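Morning, everyone. I have one structure to go through today. Please have it open while I talk.

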Amino acid sequence: MTTSTEPKGGGVVEASPPGNASTVRAGRRRRKTNVLAYLLAGPILLYEAVFVLYPIVQGVRLSMTDASLGSSDSTFVGARNYDRLFHDPDFYGDLRNTLTYALAVVVIAVGVGLGTALLVNRRFRGRGVVRGLLMAPWAFPEIATVLIFIWIMNPTFGVINVIDNVVPGLDTSGGWLTSSPLSMVSVVLISTWKTFPFYSIVILASLQAVPEDLNEAARVDGANVWRRFRHVTLPSIRPTLILLSLLAFIFAFKQFSLIWLTTGGGPGRDTETLVVAIYNNAFKFYDYSYGATIGVASLVVTLLVTVAIMAVQRRYQEDSDR
Amino acid sequence: MSAIPSTTRRPGRTRAIGRYVLIVAVCLVVLFPIYWMLITAIQTPASTLRYPPHPWPTDINLNGFRKVFSDLPIARWLGNSTFLALVATAITTVLAIIGAYTLAALRWRGRALFGLLLMTTQMMPEAIVVIPIYQLYSKTHLIDNLIALSFLHAAFVLPIGVWILRSAMAGIPREISEAALIDGCGHLAVLRRIMVPLTSPAIVAVAVVAFFASWGEYLFATTMITTSERYPASVGLATLIGQLDTPVDELLAGGLIYAIAPVVLFVLIQRYIISGLTAGGVKG
């Protein structure tokens, strides 16, 4: 985020002697720019206010009522829903599932993204094709992804069950989506497949910015592949990796359809994340106000991570400005 | 290069072969699910409903692709998805161009705050707002309205669209637009004649990202659209998951047909998407 270095307001400019025509003109131009910017940004702000900000505020209000399906006139209940939330073991379970799922997806998907980016970073014949093929899951819609994987993980006919025969001692009994803790592994696997290509492209772009001569110099000095990665490549892409990991956390935190349509949050509540819990409470149990309360908890997590992202961004921006 | 003794070349060659093997292996793992979907869709259920499964097709039968159109209203669902995604793309692209210009080219009070607000909305989980928006749409009779849904979709991709375009516009030398402004061009002319043509790859990327987002979105779509006739394909196909009466070849054929539009779009303009996205970077 860049901060404005301009003086606040045009007051200083107007106070300058009228003889100085160019500053007056500059001041007028600045004011015109301000008006134009408000005219252009205004509709966008209004748009986001209607569809994002207003519903968030409304959600906070809802969390302090007893609204549910059928009760058109809900009454204010204060912090009662929050009292329930903090004493609800399911909420802590959902929170734990969310963190497990999101952290696993961050580590594995960003890791695979980094690995594949390193693999296609160097020039080789057919690189363009490989890069395009590895991007395929990103272009694949989520619902199509769900259809593929519920078939691959089908308890009776799913091809993934072949692993039981290959890996000695492993017995999944086909419970990829229906038994615990395997179902969590499965949703992480599915999410990784769908999301790693995006992380791969972004990492690849920052790898291409690593100066080649630096790498070459390290090679001449006898540094092996690992040391070159550790001391040349990694330091240059570290800002990207950190930001990307935080962003990946947000994306995983937001994930709904890949979980809900494969396991439904089950078995029991073993893959129920906060986002899935919001939906289940609102549209399965028709408890709108409690769903909204979990929504507020999710909002808090989101805002904390967003602040972290901005802090990291600012730090690296300052580093690169220096 | 010729000065290097041949003895040091050989490990380089084995390494290159090793890299190729690794690359092929990774591609196989990544593409296997799509391969498996394809070969299931082109066989009769009788050939695929068996264990252990056969690694390649033993009979080719395109009945699934035919029956998915005759048994299910998939043509209608795809039509709905197309309409929905095109409207959302149009809204997103136009507003993203405007928003990016105000952030990249204009110096104004409140600019930093505007950027901050957009960034925060980009992070918001859709699930946080789904209940209030459902209530809002119910009250205003916008349930089952595809245009209302497309406005909602656009609201959630607009911030990332603005960020992608903003970095692309920030990459254009200020001298160009300043020269035009001094020559008497208005800001709108600069936007139309300079910024838009020079950032067209990024604009294409924004349009594609918006199309993908709306075409694939499920949570809002399944909440706001309740009649089968209005379903976008994402919701229509998802309803088949729970019911076990759709034959697997039909189900996966439907999924493949639904995936074709974004995949083809991606292949056609892959170059623009990648350069546009990386211009946006993660720094946003």
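What order do the elements of chain B run in, from the N terminus on? They run α-α-α-α-α-α-α-α-α-α-α-α-α. That is 13 helices and zero strands. Before I go on: this is a predicted model, and the values I quote are computed from it.

How spread out is chain B against a compact globule? For 284 residues the globule rule gives 19 Å, and the radius of gyration of chain B is 24 Å, well over that, so chain B is more spread out than a compact globule. Along the principal axes, the C-alpha atoms of chain B fill a box of roughly 80 × 75 × 30 Å. As for burial, 45% of the 284 residues of chain B count as buried. If you take the contacts in chain B with a separation of 6 or more, 79% of them are between residues 24 or more positions apart.

Next, the domains of chain B. The chain is divided into domain 1, residues 6–48, and domain 2, residues 64–278. Their C-alpha centres lie 33 Å apart. Where the two domains of chain B touch, eight residues come from domain 1 and eight from domain 2. On the domain 1 side, α1 (6–41) and α2 (45–48) of chain B each supply at least two residues. Helix α1 of chain B gives the most to that side, with four residues. By class, the domain 1 side has four nonpolar residues, four polar and no charged.

Now chain A. Its secondary structure comes to 14 helices and zero strands, and the pattern along the sequence is α-α-α-α-α-α-α-α-α-α-α-α-α-α. Chain A has 322 residues, of which 38% count as buried. Among its contacts between residues at least 6 apart in sequence, 66% join residues at least 24 apart.

Chain A is also divided into two domains: domain 1 covers 19–62 and domain 2 covers 80–321. Taken over C-alpha atoms, 36 Å separate the centres of these two domains of chain A. The contact between them takes four residues from domain 1 and six residues from domain 2. The side of domain 1 of chain A that touches domain 2 has three nonpolar residues, one polar and no charged.

On to the interface between the chains. How many residues does each chain put into the contact? Chain B puts in 75 residues and chain A 74 residues. On the chain B side, helix α13, residues 248–280, gives the most, with 14 residues. That side of chain B divides into 54 nonpolar, 15 polar and six charged residues.

Last, one residue to look at up close: B:S234. It is found in helix α12 of chain B, residues 233–242. Is B:S234 buried or exposed? B:S234 counts as buried because it has 28 C-beta neighbours inside 10 Å, and the cut-off for buried is 20 or more. Leaving aside neighbours within four places in sequence, the contacts of B:S234 in chain B are with B:S81, B:G216, B:E217, B:Y218 and B:A221. From chain A, B:S234 is in contact with A:P141 and A:I143. One more distance: B:T222 is 12 residues from B:S234 in sequence, and their C-alpha atoms are 8.4 Å apart in space.

That is the end of my part.

Technical notes. Residues are numbered from 1 along each chain as its sequence is written. Chains are lettered from A and ligands numbered from 1 in the order in which they are written. This is a predicted model: local features need pLDDT of at least 70, side-chain atom pairs count only at pLDDT 80 or more; totals for chains, interfaces and linings use all residues. A residue is buried if 20 or more other C-beta atoms lie within 10 Å of its own, exposed if 12 or fewer, and partly exposed in between; C-beta atoms are placed from the backbone. Two residues are in contact if their C-beta atoms, placed from the backbone, lie within 7 Å. Ala, Val, Leu, Ile, Met, Phe, Trp, Tyr, Cys and Pro count as nonpolar, Asp, Glu, Lys and Arg as charged, and the others, Gly among them, as polar. Domain bounds come from an automatic or database domain assignment. The radius of gyration is taken over C-alpha atoms; the globule rule is 2.2 Å times the number of residues to the power 0.38.
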